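Here's a quick tour for anyone new to reading protein structures. Have a look at the sequence and the 3D view first, then work through the notes below.

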Amino acid sequence: MLLTNIAATILMFFGSLFMFLGAFGLLKLPDFYTRMHAIGKCDTMGQFLIILGFVVYEGLSFISIKLLLISLFYLLSSPAATHAIVKAAFYRGVKVWKKGDPKM
Amino acid sequence: MKEQKRDVIVEMTSKKILPIILTFGLYVMVGTEGAGGGFQGGCIIAAAFILYAVVFGIQKGRTKMPESWNTFFTSLGLYLYCGCGLLAIIASLFVAEFLNYSAFWPLTNLFGPYEARALQVEFVVEVGIGITVFAAFVSMFYDLAWKDEDEAEDDEEVMEC
């Protein structure tokens, strides 16, 4: 019981770390593309690790299987959504940031 | 603005994801134990068709879910809902009220009044609401959607005539 609690805590901690870094990148990075690059980590690794922590904490039950299915669905769909947004911005002609430009 | 092409990643992902979305919509729609209901499930199923139309183009989307079906499905859901209510009146020989589900005696005799009501709400009423919402949302999306170039030209010709 204690071991699973510790493992769940560590997993959730690293998930929150990914989430925090994604939010930090969103605030600090200069450009649309780099911001999307930071947020993509948030969507995939952050939620996956946090939900994995929930599953380890819950143990094997119907709820944990549901949580895993939600997480897998997110892992499938969210990178594709990020890719679609960035590609749409590229086709619309959003400027790419270069070194020395002011922050957009 | 550059020329837009079909994107392989988005197309493959939506192809793999569409059955999952439809199954999830059905799971939300049917049943009264978990969260959700007819309206939410219908919205999710409509979102699947809207995703298909967004990714593969409105022309292919219209062939997958023709607009003539929208009217059919909208009224089918309403008929399911109302028919379940009218069935109670007819089965009890005009004693019960409209939508008084437990008065439908074949199910009530088999399972008891509460289970009979739950069964009818789960499998008929919620599904009816879901079908209506799904068809109405898809039809609204088709009305608001952009038109392909050929279609737009046709419209202009008609306007000129």
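Is B:Ile131 buried or exposed? It's buried, because 25 other C-beta atoms sit within 10 Å, and 20 or more is what it takes to count as buried. Keep in mind that this is a predicted model.

**Chain B at a glance**

- Chain B is built from seven helices and has zero strands.
- Reading from the N terminus, the order of elements is simply α-α-α-α-α-α-α.
- Of the 161 residues in chain B, 24% are buried.
- Take the contacts in chain B between residues at least 6 apart in sequence: 61% of them join residues at least 24 apart.

**Zooming in on B:Ile131**

- You'll find B:Ile131 in helix α6 of chain B, which covers residues 113–144.
- Once you set aside neighbours within four places in sequence, B:Ile131 is in contact with B:Gly42, B:Phe73, B:Leu76 and B:Gly77.
- B:Gly42 is 89 residues away from B:Ile131 in sequence, yet their C-alpha atoms are 6.1 Å apart in space.

**Helix pairs in chain B**

- A bit of background: a pair of packed helices is described by the angle between their axes and by the distance between those axes.
- Start with helix α1 (residues 8–29) and helix α2 (residues 38–56) of chain B, which pack at an angle of about 165 degrees with their axes 8 Å apart.
- Angles over 145 degrees count as roughly antiparallel, so α1(B) and α2(B) get that label.
- The residues of this contact, sorted by class, are 15 nonpolar, six polar and one charged.
- α1(B) and α2(B) also make a left-handed crossing.
- Next up are helix α4 (residues 67–91) of chain B and α6(B), whose axes come within 8 Å and cross at roughly 155 degrees.
- α4(B) and α6(B) are therefore roughly antiparallel to each other.
- The crossing of α4(B) and α6(B) is left-handed.

**B:Ala88 in helix α4**

- B:Ala88 lies in helix α4 of chain B.
- B:Ala88 counts as buried because it has 23 C-beta neighbours inside 10 Å.
- Not counting residues up to four places away in sequence, B:Ala88 touches B:Ala96, B:Leu99, B:Asn100, B:Tyr101, B:Ala103 and B:Phe104.
- B:Met140 is 52 residues from B:Ala88 along the chain, and their C-alpha atoms are separated by 33 Å.

- Most residues other than glycine have a negative phi.
- B:Leu93 isn't a glycine, but it has a positive phi of about 55 degrees.
- B:Leu93 sits in the loop between α4 and α5 (105–111) of chain B, and it counts as exposed because it has 9 C-beta neighbours inside 10 Å.
- B:Phe94 is another residue other than glycine with a positive phi, near 65 degrees.
- B:Phe94 is found in the loop between α4 and α5 of chain B, and its 8 C-beta neighbours inside 10 Å are why it counts as exposed.

**Over to chain A**

- Helix α1 (residues 2–28) and helix α2 (residues 32–58) of chain A have axes that come within 7 Å and cross at roughly 165 degrees.
- That angle is why α1(A) and α2(A) are called roughly antiparallel to each other.
- Sorted by class, the contact of α1(A) with α2(A) has 18 nonpolar, eight polar and two charged residues.
- The crossing of α1(A) and α2(A) is left-handed.
- Helix α3 of chain A (residues 62–92) has 31 residues and spans 45 Å from its first C-alpha to its last, close to the 45 Å expected at 1.5 Å a residue.
- Just after α3(A) comes A:Gly93, with a positive phi of about 90 degrees.

**Where the two chains meet**

- Ten residues of chain B are in contact with ten residues of chain A.
- On the chain B side, the residues touching chain A are five nonpolar, two polar and three charged.

Technical notes. Residues numbered from 1 in each chain as written. Chains lettered and ligands numbered in written order. Predicted model: local features only at pLDDT ≥ 70, side-chain atom pairs only at ≥ 80, totals over all residues. Helix = DSSP H or I, 4+ residues; strand = E, 2+ residues; numbered from the N terminus. Buried ≥ 20, exposed ≤ 12 C-beta atoms within 10 Å, placed from the backbone. Contact = placed C-beta atoms within 7 Å. Expected span 1.5 Å × (residues − 1). Nonpolar A, V, L, I, M, F, W, Y, C, P; charged D, E, K, R; others polar. Axes fitted to C-alpha atoms, helices over the stretch in contact; angles between N-to-C directions. Parallel < 35°, antiparallel > 145°, perpendicular 65-115°, else oblique. Left-handed = near helix turned anticlockwise from the far one by under 90°.
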